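Student: I would like to learn how to read packing, pairing and interfaces in a model. Can we go through one together?

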Amino acid sequence: MAEIQSDGGGGHGKKKGGSKQKKVSVHVDFTPMVDMNMLLITFFMLCTSLSKPQTMELSMPSNDKNVTKEQQAEVKASKAITLLLDEKNKIYYYSGIADYKNYNSLKDLAYDAKAQNSIRSLLLMRNQEAVSQINVLKKQKLDLKITQDTFEARRSRIKNGKETPVVIIKATDGANYKNLIDALDEMQICNIGKYVIDSITAGDKFLIKNKETKGAYALGK
Amino acid sequence: MSKVKVARKSTRIDMTAMSDVTVLLLTFFMLTSTFVKKEPVQVTTPGSVSEIKIPDTNIIQILIDPSGKVFMSLDKQADMLNVLQSMGEDYGIAFTPEEYAKFKLLPTFGVPIKDMKAFLELKTEKQDEILKDYGIPTDSVDNQFKVWIKNARKANPDLRIAIKADSETPYKVIKSVMTSLQDLRENRYNLITALKQSSN
């Protein structure tokens, strides 16, 4: 087994007609082949990545100074939620317009979805209507009542509806990239269609400081 | 005395089936995987629930390490060439054809333009070794990063920008990169993340 048996003749390839043809076993030893393949597999496993990385698409507002007042989207104060990402994985939020006098207007949040005051619970609550509509839509899609395209179109219409909240994400210099991604991730999970990354203002920094010191910072000034 | 006769059995195993399996596995790996690009710094991307895959071609990847150093990579060699050419024009540096050829093959680049000539002189191993100590300057005084992006866009208008940063990268660096991009009216880009299972 597993080898080619040659006829042992003195190097003559062909035999003359009439002589008895020996049966040649055609078994080939595949062990070296397996060895080589295993080596190649090992090479491919080590040197390549199987999964392509995920990506998150992001559109930033243009910081063109020539944008006119009409082009600027005005946000209703009742619909706005401002998230402040601070260092040491802290996150705060205030709704609408900041109240600089009352440090309690800035509220603590948590990244962890299981925590009681998580971003998710806040956003899901604020975005209840859209979320429930989208859940209905998802169910329809699962039951194959609507196509993927209609699903996408309707979802984006619900997400960008008039009554959905607008989230403004502001990060301090101490925050890290993960915080930003986590916050953006929550937007996706909670079906928030309108969110923007803005730069932090002195007022926001003041609010955080004030919150940390429970109002002493404002008094000390 | 009677001897128990042990039947002689051949110890050879038919490897054909095994070979079939390995070839199959090999084919699978060759078709599904992509080669890992050599990156000067190890970066752990944060997880997200986003399931959009990054496109294969026309990507300019901006790599930001935890200490805030910025590196870049382009997927097409032709683009690399054009970018270096226009960079040379902008900064008044004339590169030799050998330097162009060497630059074209770099997986990732990220040295200040004034050190580029000296960097290209070095051997590949040496380049890998010292690249991680460099990084493209992004500060407002000498924002070479902006010029790189501008020239890359000029070289290939279909480029998509992908930012790959470490979880621990301070937001300050990300912000300066994003502001540079905004200044160039590059308002759409991709953030590269790893997959995280969504909990709902």
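Student: At what angle do helix α3 (residues 128-142) and helix α4 (residues 148-159) of chain A pack, and how far apart are their axes?

Tutor: First, the ground rules. This is a predicted model, where local features need pLDDT of at least 70, side-chain atom pairs count only at pLDDT 80 or more, and totals for chains, interfaces and linings use all residues. Residues are numbered from 1 along each chain as its sequence is written, while chains are lettered from A and ligands numbered from 1 in the order in which they are written.

Tutor: Two packed helices are described by the angle between their axes and the distance between the axes. Here the angle is about 175 degrees and the axes of α3(A) and α4(A) are 10 Å apart. Because angles over 145 degrees count as roughly antiparallel, α3(A) is roughly antiparallel to α4(A). Axes are lines fitted to C-alpha atoms, for helices over the stretch in contact, and angles run from 0 to 180 degrees between N-to-C directions. Helices (H or I, at least four residues) and strands (E, at least two) are DSSP runs, numbered from the N terminus.

Student: Which residues make that contact?

Tutor: Contact means C-beta atoms, placed from the backbone, within 7 Å. From α3(A) come Ala130(A), Gln133(A), Ile134(A), Leu137(A) and Lys141(A). From α4(A) come Phe151(A), Arg154(A), Arg155(A), Ile158(A) and Lys159(A). By class, that contact has five nonpolar, one polar and four charged residues. The classes: Ala, Val, Leu, Ile, Met, Phe, Trp, Tyr, Cys and Pro are nonpolar, Asp, Glu, Lys and Arg are charged, and the others, Gly among them, are polar.

Student: At what angle do α2 (residues 119-126) and α5 (residues 177-189) of chain A cross?

Tutor: Roughly 35 degrees, with the axes coming within 10 Å. Ile119(A), Arg120(A) and Leu123(A) of α2(A) meet Ala183(A), Glu186(A) and Ile189(A) of α5(A). This contact has four nonpolar, no polar and two charged residues.

Student: Now the sheet. What is the strand order in chain A?

Tutor: Strands pair if DSSP finds at least two bridges between them. Chain A has an open sheet of five strands, ordered β5-β4-β3-β6-β7, with mixed pairing. β5 (107-109) and β7 (194-199) of chain A are at the edges with a single partner strand each, so one side of each lacks a neighbour in the sheet. The twist averages 30 degrees from one strand to the next.

Student: How many bridges join β6 (residues 166-171) of chain A to β7(A)?

Tutor: Six, and the two strands run parallel. Ile168(A) is opposite Val196(A) of β7(A). Helix α6 (residues 202-212) of chain A packs on the sheet and touches β3 (80-86), β4 (90-95) and β6 of chain A. The direction of α6(A) makes about 70 degrees with that of β3(A).

Student: Last, the chain interface. How many residues are in contact?

Tutor: On chain B, 53 residues are in contact with 42 residues of chain A. The largest share of chain B's side, ten residues, comes from α1(B). By class, that side has 24 nonpolar, 19 polar and ten charged residues.

Student: In which sense do β1 (residues 48-49) of chain A and β1(B) pair?

Tutor: Antiparallel, over two bridges. Ser49(A) is opposite Thr34(B) of β1(B).

Conventions
Contact = placed C-beta atoms within 7 Å. Parallel < 35°, antiparallel > 145°, perpendicular 65-115°, else oblique.
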